[in-house]
Amino acid sequence: VVVSAEVNASADNQSYCQQPTSLIIKTMRSPILALALLAATVSARQAPFVKPALARATSSSSVQSSKSALDVTSALTTTDVNTNIAIRGGDDDASLSMSARFKIGGYFSLWYILNVVYNILNKKYLNVISAPLTVGSLQFLVGSLYCIILWTTKLRAPPILTPSGKTAVNKVGFYHMAGQELSMMSLNAGAVSFTHIVKALEPFFSAMVSGVIFGKWMNPVVYATLIPVVGGVAYACLKERAFSWLAFYTAMGSNLAFALRAVVSKSALDASGGELGENLTSVNLFGIVTCYAFIQSIPLFLMGEGLSFIQLWKDALPNSSTYELVKGLVISGLFHYLNNEVMYLALSNVHPVTLAVGNTMKRVFIVVASVVVFRTPITVQAAIGSAVGLGGVLLYSLTKQYYEELEKNQAA
């Protein structure tokens, strides 16, 4: 079994480096396939022929988009004709009907499960074939093929981009690709829990990029809430048993790439005047971005890993069949894409405050699940630092939302 080059720095790799490749398949039997089918069914049925109204990005939508995958997609408002639930921005959650609450709860549950399962399957696959750039690119391919199938079969209305829309999506796709590939490198080099602890710093990067590039500075109180985020993560990483400099640097680079993605998305939307194209629901737009990300990732993995993926594949064959390896790659790629699609379905129906809480809890679930599954040794110091850091992320999100709502009300 091929393991990461930094196996000594990764507790996850140490736990699995002596086990057969078939371990990947053990977690990919009927329940996993059924979950993927459920997620695909849910995402594919979401109002395929409803044309969304394009809206300019506002301060409140920026809060939501900073926690979702793309700022461009958060500027799209859609209405589900079956349930009449729309992007709500500031409605009172208490006004939701019981059926709507169950629907949103189902979205969040499915999002959490898909996210946790993806991170576990992805790490197990990287423990077998240590080629993060190539594996990440092929996962983009799986997501792209999934979207193309939906568009060609008319299960979802195919999107049509304007020239400015193509330019915007191309830019967003680049930073989306960079952020995901750097995340893959971090997960390959270190423990899943360690990577997600470092990635809790993403709000810090978003705040800095927004201020430096856009010149949009927030209330000092908001920046003060970043102190426990930075301090907690730093304290958790100090003397961490699974610490890896490569995992740390690439996770930090991923934070920067995703922060730049959000800024470029909003900038591109403003430059286009909000006219990106037709049939651009949030999931459709994410599908196009995934296709662009795959194309842009091809030269990256060819330059970074060359054809070493083929040799790593051959080295894994004595312990597993080609079918099992292909199956593992396809399922991990499908979970990666569906995780993001279901995230949009969940986040587009809730208040930004609910979003902030949900996104923080998602990272907690990933860290806890990875520690349990991979038996990653975690010190008390790391646990305390992680709790402080994640608590700071939640505090930052809520404080940022409060002051933006305050500014909005004062302006009105």
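These questions and answers walk through a predicted model.

Student: How do helix 6 and helix 7 lie, parallel or oblique to each other?
Tutor: Helix 6 covers residues 98–128 and helix 7 covers residues 132–152. They pack at an angle of about 135 degrees, with their axes 11 Å apart. Angles over 145 count as roughly antiparallel, and 65 to 115 as roughly perpendicular. An angle of about 135 degrees therefore makes helix 6, relative to helix 7, oblique.

Student: Which residues of helix 7 meet helix 6?
Tutor: Start on the helix 6 side. Tyr118, Asn122, Tyr125 and Leu126 make the contact there. Their partners in helix 7 are Pro132, Val135 and Gln139.

Student: How many residues of the contact of helix 6 with helix 7 are nonpolar?
Tutor: The contact joins Tyr118, Asn122, Tyr125 and Leu126 to Pro132, Val135 and Gln139. No charged residue takes part, and 2 are polar. The nonpolar count is 5.

Student: What is the handedness of the crossing of helix 7 and helix 8?
Tutor: Helix 8 spans residues 163–189. Its axis and that of helix 7 come within 9 Å and cross at roughly 135 degrees. The two helices are therefore oblique to each other. Their crossing is right-handed.

Student: How many charged residues are in the contact of helix 7 with helix 8?
Tutor: Helix 7 brings residues including Pro132, Leu133 and Phe140. Helix 8 brings, among others, His176, Glu181 and Asn188. The contact divides into 7 nonpolar and 6 polar residues, and the charged count is 1.

Student: How many disulfides does the model have?
Tutor: A disulfide is a covalent bond between the sulfur atoms of two cysteines. The rule here asks for sulfur atoms within 2.5 Å. By this rule the count is 0.

Student: Is Asn279 buried or exposed?
Tutor: Asn279 has a positive phi, near 60 degrees, and is a residue other than glycine. It lies in the loop between strand 4 (277–278) and helix 14 (282–304). Buried means under 20% relative accessible area. Asn279 has 14%, so it counts as buried.

Student: How far apart in space are Ala224 and Leu395?
Tutor: Ala224 lies in helix 11, residues 220–224. At 39% relative accessibility, Ala224 counts as partly exposed. In sequence, Ala224 and Leu395 are 171 residues apart. In space, C-alpha to C-alpha, the distance is 10.0 Å.

Student: Which residues does Ser386 touch, not counting residues up to four places away in sequence?
Tutor: Ser386 has its place in helix 18, residues 380–411. With 11% relative accessibility, Ser386 counts as buried. Leaving out residues up to four places away in sequence, Ser386 touches Ile197, Gly232 and Ala236.

Conventions. Residues are numbered from 1 along each chain as its sequence is written. This is a predicted model: local features need pLDDT of at least 70, side-chain atom pairs count only at pLDDT 80 or more; totals for chains, interfaces and linings use all residues. Side-chain values use heavy atoms; hydrogens and water are left out. Axes are lines fitted to C-alpha atoms, for helices over the stretch in contact, and angles run from 0 to 180 degrees between N-to-C directions. Helices (H or I, at least four residues) and strands (E, at least two) are DSSP runs, numbered from the N terminus. Angles under 35 degrees count as roughly parallel, over 145 as roughly antiparallel, 65 to 115 as roughly perpendicular and the rest as oblique. Contact means heavy atoms within 4.5 Å. Ala, Val, Leu, Ile, Met, Phe, Trp, Tyr, Cys and Pro count as nonpolar, Asp, Glu, Lys and Arg as charged, and the others, Gly among them, as polar. Buried means under 20% relative accessible area, exposed over 50%, partly exposed in between (1.4 Å probe, protein chains only). A crossing is left-handed if the near helix is turned anticlockwise from the far one by less than a right angle, and right-handed if clockwise.
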